[in-house]
Amino acid sequence: MTADQLRSYLELYRDLGISTIYKARPPRPDLTETSVLTEPELISEIRANAPRPHTVLPSIAPEDDTLEKIRLDIGDCKRCRLCEARHSIVFGSGNEQSRLVFVGEGPGADEDAQGIPFVGRAGQLLTQMIDNTASKEGIPIRRDDVYICNVVKCRPPENRAPQPDEMEICGQYLYRQLMAIQPKAICALGATAMRALLNSKLGITKMRGEWQKWNGIPLMISYHPSYLLRQYNQEAKRQAWEDLKKVLHFVYD
Ligand code: SF4
C-alpha cells in the first residue's frame, strides 16, 4: 500500500469516527523454532502475548447512517487520484427509499458534467430499459422510482476502468449507501460493479442472470448498458432485458 492510499484510509476512518488503529505485533526475531525458554522467560512471554482488552472498531457503516450523512462525509473528497480531473462528484440519484438499486461502474463525461449518474447514451438506454420493461410487464415504476449509483463517484480519466485501489477507497461509500438504503434487491451493471460487490473472479457472461447475495441482499448481475450499445451485442441485449424482467418481478410483484 502506498503512502497516499494509507493516508486516504486514515482520513476515511477519521471521518467515520475511528480514532484508534491497532497494528499487529511483529514476531520477536530472537525467538526461533529451536529457542528454549526458561520458566520465568516463558511466563513473561505468555504475559506479553496475552490478549488485551481493546476497543471494538465501529462498523464501517455507522449506525443510523443516511445518504445525506454519507454525502456530507464525502464532502469535496480527495481520497483517491480520481479527484484530480473530475468536475463533479456523482453521488447517486433516484428514490432514496427505493426497493431496487442499480450499481454501475463510474461516471462518464456527461455524468461528470451534470453530476447525475447514467445520463449519457448508456444512461438513456438504461432509462428506456427500465421504463419500457416495467410498462410492458405491468409494473408501475419508472426510472425515478429506483436508486442508481456507481462504484466510484468521480470520472476515471478517458473513461478507463477504475483501478482496484480506487474501487476499494470509494467502495466504502457504496457500501454505506447500500447499507443505508437496504433495498430488496441490487442489480450490478457490468463486470466492475460485479467485482466490487462480489469479489468474483468469474467472467460476467458466467455470472449474469443468476441471483447472488451481497450482505444478505439478493444481487443480480447483468451487462452494463454501454456494452449493449455496441451493434454486435444483440444477444447480450436480449439477455439484459431478461435479467431486468427477473429483477423487476422479484422486487415489485
Ligand atoms: S472516486 Fe471516490 S474516493 Fe476517489 S476522490 Fe472521488 S469520491 Fe473520493
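Where does glutamate 137 lie? The loop between H5 and E3 holds glutamate 137.

1. Confidence. This is a predicted model. The chain averages a pLDDT of 86, and 77% of the residues score at least 70. Over residues 50-58 the pLDDT is below 50, and this stretch has 6 contacts in the model beyond near neighbours in sequence. Where pLDDT is low, the predicted coordinates should not be read in detail.

2. The sheet. There is an open sheet of 6 strands, ordered E1-E3-E2-E4-E6-E5, and its pairing is mixed. Strand E1 (93-94) and strand E5 (211-214) are the edge strands, and each pairs on one side only. Strands of a sheet pair through backbone hydrogen bonds, either parallel or antiparallel.

3. Pairing around E6. Both kinds of pairing can be followed here. Strand E4 (residues 185-189) and strand E6 (residues 217-222) run parallel and are joined by 4 bridges. In this pair, leucine 189 stands opposite serine 222 of E6. E5 and E6 run antiparallel, and 4 bridges join them. Here lysine 213 stands opposite proline 218 in E6. The hairpin of E5 and E6 has 2 residues between the strands, and asparagine 215 takes a positive phi near 45° in it.

4. Helix H6. Helix H6 (residues 164-181) packs on the sheet. The strands that H6 touches are strand E2 (100-104), strand E3 (147-150), E4 and E5. The direction of H6 makes about 165° with that of E3.

5. Helix H5. Helix H5 (residues 121-136) has 16 residues. From its first C-alpha to its last H5 reaches 22 Å, close to the 22 Å expected at 1.5 Å a residue. Its buried residues include Leu125, Leu126, Met129, Ile130 and Thr133. An α-helix has 3.6 residues a turn, so residues three or four places apart point the same way. What covers the buried residues of H5 includes E2, E3, E4, helix H9 (225-228) and helix H10 (234-252). Just after H5, glycine 138 takes a positive phi of about 70°.

6. Leucine 228. This residue lies in helix H9. Leucine 228 counts as buried because its relative accessibility is 1%, and buried means under 20%. Among the residues that leucine 228 touches are Leu125 and Met129, both of which are buried residues of H5. Leucine 228 also touches Tyr223, Ala236, Lys237 and Ala240. The C-alpha atoms of leucine 228 and alanine 240 are separated by 8.3 Å, and the two residues are 12 residues apart along the chain.

7. Serine 98. A polar atom of its side chain lies 2.7 Å from the backbone oxygen of leucine 100. For the backbone oxygen of aspartate 145, the distance to a polar atom of the serine 98 side chain is 3.2 Å. Serine 98 touches residues including Asp145, Tyr147, Ile181 and Tyr252.

8. Glutamate 137 again. At 29% relative accessibility, glutamate 137 counts as partly exposed. Glutamate 137 touches Lys245 and His249. With the side chain of histidine 249, the glutamate 137 side chain makes a polar contact of 2.7 Å. Glutamate 137 and leucine 248 are 111 residues apart along the chain, and their C-alpha atoms are separated by 8.7 Å.

Technical notes:
Residues are numbered from 1 along each chain as its sequence is written. This is a predicted model: local features need pLDDT of at least 70, side-chain atom pairs count only at pLDDT 80 or more; totals for chains, interfaces and linings use all residues. Side-chain values use heavy atoms; hydrogens and water are left out. Two strands pair if DSSP finds at least two bridges between them. Contact means heavy atoms within 4.5 Å. Axes are lines fitted to C-alpha atoms, for helices over the stretch in contact, and angles run from 0 to 180 degrees between N-to-C directions. The expected span of a helix is 1.5 Å times one less than its number of residues. Buried means under 20% relative accessible area, exposed over 50%, partly exposed in between (1.4 Å probe, protein chains only). A polar contact is a pair of N or O atoms within 3.5 Å; within protein, one must be able to donate a hydrogen and the other to accept it, and residues adjacent in sequence count only if both atoms are side-chain atoms. pLDDT is the predictor's confidence in each residue, from 0 to 100.
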